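User: I am new to this structure and would like to know what lies behind the words used for it. Please set each value against its cut-off.

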Amino acid sequence: MDVFTPKLRMKNALLNQPVDYLPTQINYTAGMSRKMADHFSIKEIELPMYFGNHFYRLDLNYPHRYSQDQSVKFDWWGVGFDTGEEGYFAAINPLAENKNLDRFDWPDPNATYLLDEARHLIKQKGDDCFFAPNFGFALFERAWSLRGFENFFLDMAMDNNFTEELLDRITEIQLVLINRFLDLGIDGGYFGDDYGAQKGLLFSPQMWRKFIKPRLAKLFSPFVDRQMPVMLHSDGQIQQILPDLVEIGLTTINPIQPEVLDHQWLFDNFKGKLSFYGGISTQTVLPNGNQEDVRMAIKTCISTLAPDGTGLLLAPSHRLMSDIPLENVQVMLEEFEGITK
Amino acid sequence: MMIFNMLRETVSQEINELFNAILEGKAELAKEIIEEALINKLSPSQILNQGMIASMAEVGDRFERGEYYVPEMLIAARAMQQALSILKPHLKQSDLAAVGRVVIGTVKGDLHDIGKNLVGMLLEGAGFEIRDLGTDVSAEQFVEAVRGDEADILAMSALLTTTMPNMKSVVEALHNAGLRDRVKVIIGGAPVTESYSQEIGADGYAPDASRAVKLVKTLL
């Protein structure tokens, strides 16, 4: 019988293979991290271990740059995120006024130092832990965060060539990084790209198929070729494009917000074709439910999405934010511990 | 009689073309059609109401039916705005009188404005006067704007569960300022629901921009 390291448990669950018990994961915002460390009387850095997390995301290593008043933090691409907000808000879009892509100072994906931290972590824990690079704001979100939301939507509607060129440039850079990460010995892919609002896609499935699908397929393909799990975080109501995502090799969909994507429908339609990551609502039950509601939501999530005992990385649907009562976090942890027995 | 009929057909054809140009987000074409329609002595208020406001209503309906998405709505609203700048000097004061005044904003602590902007655009397209307070708007700012602008509608948005409770604070602040009965309050945003709207004593909730316009019309 297999001895299940967290890494094997995670890989098998994502590929719908047998596991001893379901892997779990809890991510959280910086504000919530402080609150929880205080509550559980441990250091913030110890939280992932304390929670029994199974998924380690690898970030790029580069010098962080802030605006003078510290209100904006710039990411590797030069997009400025507001530091005062607990969610993500792209406050500075460096390509907002510039459509000449040759005149933009693109980041260099071959810079040697970018993967230093990732290399170190894999060396340290790679035998036991599941590592995947964090390609949040992967493609569509990368494009609109560079251009500004309205600008990029107007581009998509009115300037085909520019839209394609911008997305191609992003894809090329991401592919260089993906291949470098693969050389380090990672276990799968993780992409973030929100295509949905609460009630439907932000742009039409036809437009998604034209602009996004072929390029996302390119980003997935190095993982598909190696038969590795490919996870995609995509918020909102994306039901219409799920079959397309399966077609280009997606193995795992996140965050499966229960108030947006019906879990029974998901399971009935994608059993064996997809695995699921998330499922416990950070929009309703965790911030607003009582302890019994939280227990019930977790049990229902497991019985609906993983009746065969695999195919689910059980987790809150998003990062825990500071409006979630600590008692509910405690109850969630107890339920998580319960499934290991 | 025959001449009259021919004229009517030309009239409706131009209005139809304008309706379609805005629906398809063709700003330049919309402007050309308006210029031609003005030369042909079409009534500016007819151009506005039948060619433009009606077209934006259709944009909203298509959005609601899942045939239009954000990009189509944005280019239509842009065409409407540009076309209106050509037509405005020809409209009488009475044509320009807004159907109602709306103060709109995203609540304190929340910087997300996509949904709010779409609601603002469609309300503007339906003939409402919009005062957009932007994002991260405090209860005091909302109250002052409602008081100062004599707003008919206060529309609030929130994306985050952490900022959604600030909607309740605004409703309370309106009460405290003695303004609650003077203005209708509508709310929206990803975590917002009809039951939350009732819980905090708002006048209504809409799940999307098109239905927000319909909601506002029923409230006035």
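Analyst: A residue is called buried if 20 or more other C-beta atoms lie within 10 Å of its own, and exposed if 12 or fewer do. The model is a predicted one.

User: Which element gives the most to the side of chain B that touches chain A?

Analyst: The interface joins 19 residues of chain B to 25 residues of chain A. On the chain B side, helix H4 (residues 70–87) gives the most, with 5 residues. That side has 12 nonpolar, 5 polar and 2 charged residues.

User: What is the phi of B:Lys41, and what is that of B:Asp136?

Analyst: Phi is about 65 degrees in B:Lys41, a positive value although the residue is not a glycine. In B:Asp136, also not a glycine, phi is positive and near 55 degrees. Most residues other than glycine have a negative phi, and most peptide bonds are trans.

User: Where is there a cis peptide bond?

Analyst: A cis peptide bond joins A:Asn254 and A:Pro255, with omega at about 10 degrees. A:Pro255 belongs to the loop between strand S9 (252–254) and helix H10 (263–270) of chain A.

User: What makes strands S2 and S5 of chain B edge strands?

Analyst: The open sheet in chain B has 5 strands in the order S2-S1-S3-S4-S5, with parallel pairing. Strand S2 (129–132) and strand S5 (204–205) each pair on one side only, and they are the edge strands.

User: How do you know that S1 and S3 of chain B pair?

Analyst: Two strands pair if there are at least two bridges between them. Strand S1 (residues 101–106) and strand S3 (residues 153–157) of chain B have 5 bridges in the parallel sense, so by that cut-off they pair. B:Gly105 stands opposite B:Met156 in S3(B).

User: Which helices lie on this sheet?

Analyst: Among them is helix H6 (residues 114–125) of chain B, which lies across S1, S2, S3 and strand S4 (184–188) and runs at about 170 degrees to S1(B). Helix H10 (residues 209–219) of chain B also packs on the sheet, touching S3, S4 and S5, and its direction makes about 165 degrees with that of S4(B).

User: Why is chain A called as compact as a globular protein of its length?

Analyst: Chain A contains 13 helices and 11 strands. Its radius of gyration is 20 Å, and the globule rule gives 20 Å for 341 residues, so chain A is as compact as a globular protein of that length. The C-alpha trace of chain A spans about 60 × 45 × 40 Å along its principal axes, and buried residues make up 43% of the chain.

Definitions and conventions: Residues numbered from 1 in each chain as written. Chains lettered and ligands numbered in written order. Predicted model: local features only at pLDDT ≥ 70, side-chain atom pairs only at ≥ 80, totals over all residues. Contact = placed C-beta atoms within 7 Å. Helix = DSSP H or I, 4+ residues; strand = E, 2+ residues; numbered from the N terminus. Nonpolar A, V, L, I, M, F, W, Y, C, P; charged D, E, K, R; others polar. Axes fitted to C-alpha atoms, helices over the stretch in contact; angles between N-to-C directions. Rg over C-alpha atoms; globule rule 2.2 N^0.38 Å.
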